[in-house]
Amino acid sequence: MLSVLIFALAGLIAGFISGLFGLGGGLTTVPLLVYLLPFLLGTSDGVMHLAIGSSVACVFCNAISSTWHRTRAGDMLWPLFNRLFVAVAIGTVMGILMASVAPGSLLKLSFAIVVAVVLTRELLAGRKQKTASECSLKNVSFWKEKVTGCLAGVVGAVTGGGAGLIMTPFYHQLNYSIRQAAAQSSAQSVIIGLVATLGYLFTSVETSEPWVVGSLYLPAIAGLVPLGFAGASLGVWFSQRVSEYKLHACFCGYLFIVFIAMLVKDV
């Protein structure tokens with residue numbers, strides 16, 4: 001019963017982060033599962049794979065809710081989504097294949113490195129306010145756009161963090177508002193979550209735990225998802241009432257906390 005309550009609380013937090021930054025929630029659920037699963041399962045074996053696999057299943061659900069709320073709020077630009085979702089799906093398949101053969105320690109290091117890179121890029125981006133009138137992708141080449149989408153899929157599948165690690169900074173630096181960038185990230189996280197969940201169903205982890213299917217830990221998913229929807233709605237609502245500068249500062253601060261948490265954890 002206690003584990004269900006813990007996962008439910010984690011789901012609320014992950015959903016809030018998903019709605020706030022368009023991260024899909026994986027940057028919350030993966031670190032939490034990495035810390036919780038060894039205690040609940042009695043072993044650290046396969047924990048990183050289970051954390052990532054379970055996270056992407058939650059990402060799929062949270063991102064659907066977040067995208068719906070972003071669309072209602074007027075932040076979603078569907079033509080941008082249509083240009084990249086195929087590349088994102090291809091990248092996700094590549095990421096699943098990489099994660100299935102990588103040891104847990106390498107996945108954890110990759111997770112921390114990706115977060116550090118995105119954090120550094122966000123800090124270097126400065127404090128410039130973005131306005132809708134400045135939005136344009138005309139200076140981005142076709143291949144750069146597709147490679148970015150593919151990279152978002154790879155990173156999302158390997159880290160369990162959805163599309164936000166790549167897509168939110170990408171669109172934000174192209175002068176889209178942080179809210180529009182978060183909307184795109186949420187929608188692309190739906191693609192990553194769907195493809196990765198199906199993929200991780202067929203990548204097994206050696207464990208005697210009866211509630212593990214492939215690389216998915218079912219009790220975690222069942223506990224994380226329900227309140228994730230409520231959290232996503234709250235996150236979107238909150239983001240509409242915070243300035244661009246404060247939202248960007250919160251995004252950077254959150255990335256720093258996640259980086260430290262994963263760096264110090266031994267798996």
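Which residues does Arg-70 touch, not counting residues up to four places away in sequence? In this predicted model, Arg-70 is in contact with Gly-19, Leu-20, Asp-75, Met-76, Arg-179, Ala-182, Ala-183, Val-236, Ser-239 and Gln-240. Arg-70 is placed in helix H3 and has a relative accessible area of 0%, so this residue is buried. One of the residues it touches, Asp-75, joins its side chain to that of Arg-70 in a salt bridge, with an N to O distance of 3.1 Å. Asp-75 is buried, as is Arg-70.

The search of the whole structure gave 2 salt bridges. Besides the pair of Asp-75 and Arg-70, a salt bridge links Arg-83 with Glu-145, where the closest N and O atoms are 3.0 Å apart. Because Arg-83 belongs to helix H4 and Glu-145 to helix H6, this pair ties together parts that are 62 residues apart in sequence. The two partners can be described by their accessibility. Arg-83 has a relative accessible area of 36% and is therefore partly exposed, whereas Glu-145, at 3% relative accessibility, counts as buried.

Helix H4 spans residues 78-101 and helix H6 spans residues 142-159; their axes come within 6 Å and cross at roughly 40°. H4 is therefore oblique to H6. The crossing of these helices is right-handed. On the H4 side, the contact is made by Arg-83, Leu-84, Ala-87, Val-88, Gly-91, Thr-92, Met-94, Gly-95, Ile-96 and Met-98. The residues of H6 that they meet are Glu-145, Lys-146, Gly-149, Cys-150, Gly-153, Val-154, Ala-157 and Val-158. By class, the contact of H4 with H6 contains 10 nonpolar, 5 polar and 3 charged residues.

A further helix pair is formed by H3, residues 47-72, and H8, residues 178-200. These helices pack at an angle of about 140°, and their axes are 7 Å apart. The crossing of H3 and H8 is left-handed. H3 contributes Ile-52, Gly-53, Val-56, Ala-57, Val-59, Phe-60, Ala-63, Ile-64, Ser-66, Thr-67 and Arg-70 to the contact. From H8 come Arg-179, Ala-182, Ala-183, Ser-186, Ala-187, Ser-189, Val-190, Gly-193, Leu-194, Ala-196, Thr-197 and Tyr-200. The residues in this contact of H3 with H8 divide into 14 nonpolar, 7 polar and 2 charged.

Gln-188 is located in helix H8 and is buried, with a relative accessible area of 0%. Leaving aside neighbours within four places in sequence, Gln-188 is in contact with Leu-80, Phe-81, Leu-84, Phe-85, Val-88 and Ala-163. Of these residues, Leu-84 and Val-88 also take part in the contact of H4 with H6. Gln-180 is likewise found in helix H8 and counts as buried at 14% relative accessibility. The C-alpha atoms of Gln-180 and Pro-38 are separated by 37 Å, and these residues lie 142 residues apart along the chain.

Methods
Residues numbered from 1 in each chain as written. Predicted model: local features only at pLDDT ≥ 70, side-chain atom pairs only at ≥ 80, totals over all residues. Heavy atoms only, no water. Axes fitted to C-alpha atoms, helices over the stretch in contact; angles between N-to-C directions. Helix = DSSP H or I, 4+ residues; strand = E, 2+ residues; numbered from the N terminus. Parallel < 35°, antiparallel > 145°, perpendicular 65-115°, else oblique. Left-handed = near helix turned anticlockwise from the far one by under 90°. Contact = heavy atoms within 4.5 Å. Nonpolar A, V, L, I, M, F, W, Y, C, P; charged D, E, K, R; others polar. Buried < 20%, exposed > 50% of the residue type's maximum accessible area, 1.4 Å probe, protein only. Salt bridge = Lys/Arg side-chain N within 4 Å of Asp/Glu carboxyl O.
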